[in-house]
Amino acid sequence: MKGGTMKLRFNVWLWGGGLLGLFLVAGILLTGAFTGSSGNPGLTLQISVAKETFDLQEPIEVKVELVNKGNQPLDVLKLFLLEDYPIRFDILNEAGKRVHFLGPELERQLLDEDFVTLQPGQILAKVLNLRFDTERGVPLYNLSKPGRYRITAVYSPFFGLPETPSNTIEIVIR
(Lines give C-alpha, C1' and ligand atoms only; values in the text may rest on other atoms or scores of the structure.)
Protein backbone atom coordinates (compact mmCIF):
# COMPACT_ATOMS: atom_id res chain seq x y z
CA MET A 1 0.00 0.00 0.00
CA LYS A 2 1.54 3.24 -1.07
CA GLY A 3 0.33 6.75 -0.32
CA GLY A 4 -2.92 6.03 1.51
CA THR A 5 -4.57 4.68 4.57
CA MET A 6 -7.40 2.29 4.99
CA LYS A 7 -9.67 1.73 7.94
CA LEU A 8 -10.24 -1.93 8.64
CA ARG A 9 -13.12 -2.72 10.93
CA PHE A 10 -14.20 -6.13 12.13
CA ASN A 11 -17.73 -6.46 13.44
CA VAL A 12 -18.38 -9.74 15.18
CA TRP A 13 -21.83 -10.96 16.14
CA LEU A 14 -22.39 -14.01 18.34
CA TRP A 15 -25.61 -15.87 18.88
CA GLY A 16 -26.57 -19.18 20.46
CA GLY A 17 -27.64 -22.10 18.38
CA GLY A 18 -28.79 -25.58 19.41
CA LEU A 19 -26.29 -28.03 20.84
CA LEU A 20 -23.39 -26.50 18.97
CA GLY A 21 -23.19 -23.44 21.23
CA LEU A 22 -21.98 -20.24 19.69
CA PHE A 23 -21.84 -19.39 16.02
CA LEU A 24 -19.58 -16.70 14.73
CA VAL A 25 -20.33 -14.36 11.90
CA ALA A 26 -17.86 -11.66 10.97
CA GLY A 27 -18.92 -8.59 9.06
CA ILE A 28 -16.07 -6.63 7.61
CA LEU A 29 -16.23 -3.01 6.59
CA LEU A 30 -13.40 -1.70 4.44
CA THR A 31 -13.26 2.04 3.88
CA GLY A 32 -10.69 4.56 2.78
CA ALA A 33 -8.43 5.32 -0.13
CA PHE A 34 -5.71 2.87 -1.03
CA THR A 35 -3.65 1.54 -3.85
CA GLY A 36 -2.50 -2.03 -3.97
CA SER A 37 -0.60 -4.59 -5.96
CA SER A 38 -2.18 -6.27 -8.90
CA GLY A 39 -2.79 -10.00 -8.44
CA ASN A 40 0.45 -11.94 -8.06
CA PRO A 41 0.16 -15.70 -8.44
CA GLY A 42 3.64 -15.94 -6.87
CA LEU A 43 2.32 -15.53 -3.31
CA THR A 44 2.51 -18.78 -1.32
CA LEU A 45 1.59 -19.50 2.28
CA GLN A 46 3.19 -22.24 4.40
CA ILE A 47 2.40 -23.24 7.99
CA SER A 48 4.24 -25.53 10.37
CA VAL A 49 4.44 -26.49 14.03
CA ALA A 50 7.51 -27.47 16.04
CA LYS A 51 5.68 -30.54 17.32
CA GLU A 52 2.42 -32.34 16.58
CA THR A 53 1.10 -33.14 20.08
CA PHE A 54 0.01 -30.52 22.61
CA ASP A 55 -1.30 -30.70 26.17
CA LEU A 56 -4.79 -29.32 26.76
CA GLN A 57 -3.65 -25.96 28.23
CA GLU A 58 -0.42 -25.57 26.23
CA PRO A 59 -0.02 -22.75 23.68
CA ILE A 60 -0.38 -23.96 20.09
CA GLU A 61 2.18 -21.97 18.15
CA VAL A 62 2.01 -22.10 14.36
CA LYS A 63 4.74 -20.65 12.17
CA VAL A 64 3.22 -18.78 9.22
CA GLU A 65 5.37 -17.93 6.19
CA LEU A 66 4.29 -15.72 3.30
CA VAL A 67 6.67 -16.24 0.37
CA ASN A 68 6.92 -14.19 -2.80
CA LYS A 69 7.72 -16.84 -5.43
CA GLY A 70 6.81 -14.45 -8.24
CA ASN A 71 9.10 -12.20 -10.23
CA GLN A 72 7.65 -8.85 -9.08
CA PRO A 73 7.78 -7.09 -5.68
CA LEU A 74 4.65 -7.70 -3.64
CA ASP A 75 3.08 -5.52 -0.91
CA VAL A 76 1.57 -7.53 1.95
CA LEU A 77 0.11 -6.57 5.32
CA LYS A 78 2.72 -7.44 7.94
CA LEU A 79 0.12 -7.45 10.72
CA PHE A 80 -1.72 -10.73 11.02
CA LEU A 81 -5.12 -9.62 12.30
CA LEU A 82 -7.07 -12.78 13.00
CA GLU A 83 -9.79 -13.63 11.92
CA ASP A 84 -9.68 -12.99 8.22
CA TYR A 85 -7.59 -9.98 7.29
CA PRO A 86 -5.23 -10.92 6.04
CA ILE A 87 -4.96 -14.38 7.66
CA ARG A 88 -7.60 -16.79 8.88
CA PHE A 89 -7.26 -20.37 10.01
CA ASP A 90 -9.67 -23.08 8.92
CA ILE A 91 -9.45 -25.58 11.77
CA LEU A 92 -11.48 -28.79 11.61
CA ASN A 93 -11.99 -31.22 14.48
CA GLU A 94 -12.14 -35.03 14.12
CA ALA A 95 -15.81 -34.85 13.12
CA GLY A 96 -14.96 -32.40 10.31
CA LYS A 97 -16.65 -29.46 12.07
CA ARG A 98 -15.04 -26.05 12.03
CA VAL A 99 -13.52 -24.83 15.28
CA HIS A 100 -14.96 -21.46 16.23
CA PHE A 101 -12.98 -18.25 16.47
CA LEU A 102 -13.59 -16.58 19.84
CA GLY A 103 -11.46 -13.48 19.34
CA PRO A 104 -12.60 -9.89 19.79
CA GLU A 105 -13.88 -7.25 17.41
CA LEU A 106 -10.90 -5.29 16.13
CA GLU A 107 -10.80 -1.83 14.69
CA ARG A 108 -7.54 -0.44 13.36
CA GLN A 109 -6.44 2.33 11.07
CA LEU A 110 -3.98 0.81 8.60
CA LEU A 111 -1.01 2.93 7.63
CA ASP A 112 1.83 2.52 5.14
CA GLU A 113 4.10 1.19 7.89
CA ASP A 114 1.68 -1.73 8.45
CA PHE A 115 2.76 -3.10 5.08
CA VAL A 116 6.01 -4.64 3.85
CA THR A 117 7.23 -5.13 0.30
CA LEU A 118 8.35 -8.71 -0.32
CA GLN A 119 10.94 -8.86 -3.08
CA PRO A 120 10.98 -12.00 -5.26
CA GLY A 121 12.14 -14.90 -3.08
CA GLN A 122 11.65 -12.98 0.17
CA ILE A 123 9.75 -14.46 3.15
CA LEU A 124 7.65 -12.84 5.88
CA ALA A 125 7.49 -15.24 8.85
CA LYS A 126 5.53 -14.95 12.11
CA VAL A 127 4.69 -17.36 14.91
CA LEU A 128 1.06 -17.17 16.06
CA ASN A 129 -0.51 -18.74 19.14
CA LEU A 130 -3.87 -20.16 18.03
CA ARG A 131 -5.28 -20.50 21.56
CA PHE A 132 -4.65 -17.10 23.09
CA ASP A 133 -3.73 -13.53 22.15
CA THR A 134 -1.26 -12.63 24.90
CA GLU A 135 -1.08 -8.99 23.78
CA ARG A 136 -4.82 -8.44 24.28
CA GLY A 137 -5.37 -11.16 26.91
CA VAL A 138 -8.17 -12.91 25.01
CA PRO A 139 -8.83 -16.42 23.67
CA LEU A 140 -8.68 -16.93 19.90
CA TYR A 141 -9.72 -20.37 18.62
CA ASN A 142 -11.79 -22.80 20.69
CA LEU A 143 -9.19 -25.57 21.00
CA SER A 144 -10.40 -26.68 24.44
CA LYS A 145 -11.12 -30.37 23.79
CA PRO A 146 -8.74 -33.29 23.30
CA GLY A 147 -8.64 -34.72 19.80
CA ARG A 148 -7.07 -34.50 16.35
CA TYR A 149 -7.33 -31.24 14.38
CA ARG A 150 -6.57 -30.32 10.76
CA ILE A 151 -5.33 -26.75 10.27
CA THR A 152 -5.10 -24.73 7.06
CA ALA A 153 -4.28 -21.03 6.93
CA VAL A 154 -5.73 -18.77 4.23
CA TYR A 155 -4.40 -15.39 3.11
CA SER A 156 -7.60 -13.56 2.24
CA PRO A 157 -7.96 -11.51 -0.95
CA PHE A 158 -6.36 -8.24 0.05
CA PHE A 159 -5.36 -5.25 -2.09
CA GLY A 160 -5.63 -7.21 -5.31
CA LEU A 161 -3.86 -10.34 -4.06
CA PRO A 162 -5.71 -13.61 -4.64
CA GLU A 163 -6.98 -15.86 -1.85
CA THR A 164 -4.06 -18.16 -1.04
CA PRO A 165 -4.50 -21.33 1.05
CA SER A 166 -1.57 -22.92 2.85
CA ASN A 167 -0.61 -26.53 3.24
CA THR A 168 -2.67 -28.47 5.81
CA ILE A 169 -1.13 -29.74 9.03
CA GLU A 170 -2.50 -32.04 11.72
CA ILE A 171 -2.10 -31.69 15.45
CA VAL A 172 -3.27 -33.72 18.44
CA ILE A 173 -4.47 -32.20 21.70
CA ARG A 174 -4.41 -34.53 24.70
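# Close-up views of the strands, rings and salt bridges

**View 1. In β9, Leu-77 has Phe-115 as its bridge partner.** The model shown here and in the other views is predicted: local features need pLDDT of at least 70, side-chain atom pairs count only at pLDDT 80 or more, and totals for chains, interfaces and linings use all residues. Residues are numbered from 1 along each chain as its sequence is written, and side-chain values use heavy atoms, with hydrogens and water left out. Strands (E, at least two residues) and helices (H or I, at least four) are DSSP runs, numbered from the N terminus. The pairing here is between β6 and β9, which run antiparallel over 4 bridges; two strands count as paired if DSSP finds at least two bridges between them. Strand β6 (residues 74-77) is covered on both faces, with Leu-74 and Val-76 buried on one side and Asp-75 and Leu-77 buried on the other. Buried means under 20% relative accessible area, exposed means over 50%, and partly exposed is in between (1.4 Å probe, protein chains only).

**View 2. Asp-114 sits in the loop between β8 (107-110) and β9 (115-118).** Is this aspartate buried or exposed? With a relative accessibility of 5%, Asp-114 counts as buried. Leaving aside residues up to four places away in sequence, Asp-114 touches Val-76, Leu-77, Lys-78, Leu-79, Arg-108 and Gln-109. A contact here means heavy atoms within 4.5 Å.

**View 3. Here's an open sheet of 3 strands, in the order β3-β5-β10 and with antiparallel pairing.** Its edge strands are β3 (43-48) and β10 (123-129), each of which pairs on one side only. From one strand to the next, the twist averages 20°; axes are lines fitted to C-alpha atoms (for helices, over the stretch in contact), and angles run from 0 to 180 degrees between N-to-C directions. Strand β5 (residues 61-68) is joined to β10 by 7 bridges, and Leu-66 stands opposite Leu-124 in β10. On the β3 side, 6 bridges link β3 to β5, with Val-67 in β5 as the bridge partner of Thr-44. Which residues make up the two faces of β3? Leu-43, Leu-45 and Ile-47 form the covered face, while Thr-44, Gln-46 and Ser-48 form the uncovered one.

**View 4. Phe-89, Phe-101 and Tyr-141 gather into one aromatic cluster.** Rings of Phe, Tyr and Trp (its six-membered ring) pair if their centres lie within 6.5 Å; planes under 30 degrees apart are stacked, over 60 edge-to-face, and the rest tilted. By that rule, there are 2 aromatic pairs. The ring centres of Phe-89 and Tyr-141 are 6.0 Å apart with planes at 85°, so this pair is edge-to-face. Phe-89 comes from strand β7 (residues 87-92) and Tyr-141 from the loop between β12 (138-139) and β13 (147-155), so the pair ties together parts 52 residues apart in sequence. Both are buried, Phe-89 at 0% relative accessibility and Tyr-141 at 2%. Phe-101 and Tyr-141 are also edge-to-face, with ring centres 5.0 Å apart and planes at 65°. That pair links Phe-101, in the loop between β7 and β8, with Tyr-141, 40 residues apart. Phe-101 is buried too, at 5%.

**View 5. This open sheet of 4 strands has mixed pairing and runs β4-β14-β13-β7.** β4 (53-54) and β7 stand at the edges with a single partner strand each, so one side of each has no neighbour in the sheet. β7 and β13 pair antiparallel over 6 bridges, and Leu-92 stands opposite Arg-150 in β13.

**View 6. Arg-174 and Asp-55 meet through their side chains in a salt bridge (3.3 Å, N to O).** Arg-174 lies in the segment after β14 (164-173) and Asp-55 in the loop between β4 and β5, so the pair ties together parts that are 119 residues apart in sequence. Arg-174 is exposed at 59%, whereas Asp-55 is partly exposed at 39%. A salt bridge is a side-chain nitrogen of Lys or Arg within 4 Å of a carboxyl oxygen of Asp or Glu, and the whole structure has 8 of them. Lys-51 and Glu-58 form another (2.5 Å, N to O).

**View 7. Arg-88 forms a salt bridge with Glu-163, with the closest N and O atoms 3.6 Å apart.** Arg-88 is in strand β7 and Glu-163 in the loop between β13 and β14, so parts that are 75 residues apart in sequence are tied together. Arg-88 counts as buried at 17%, and Glu-163 is partly exposed at 46%. Salt bridges that share partners join Arg-88, Asp-90, Arg-98 and Glu-163 into one network.
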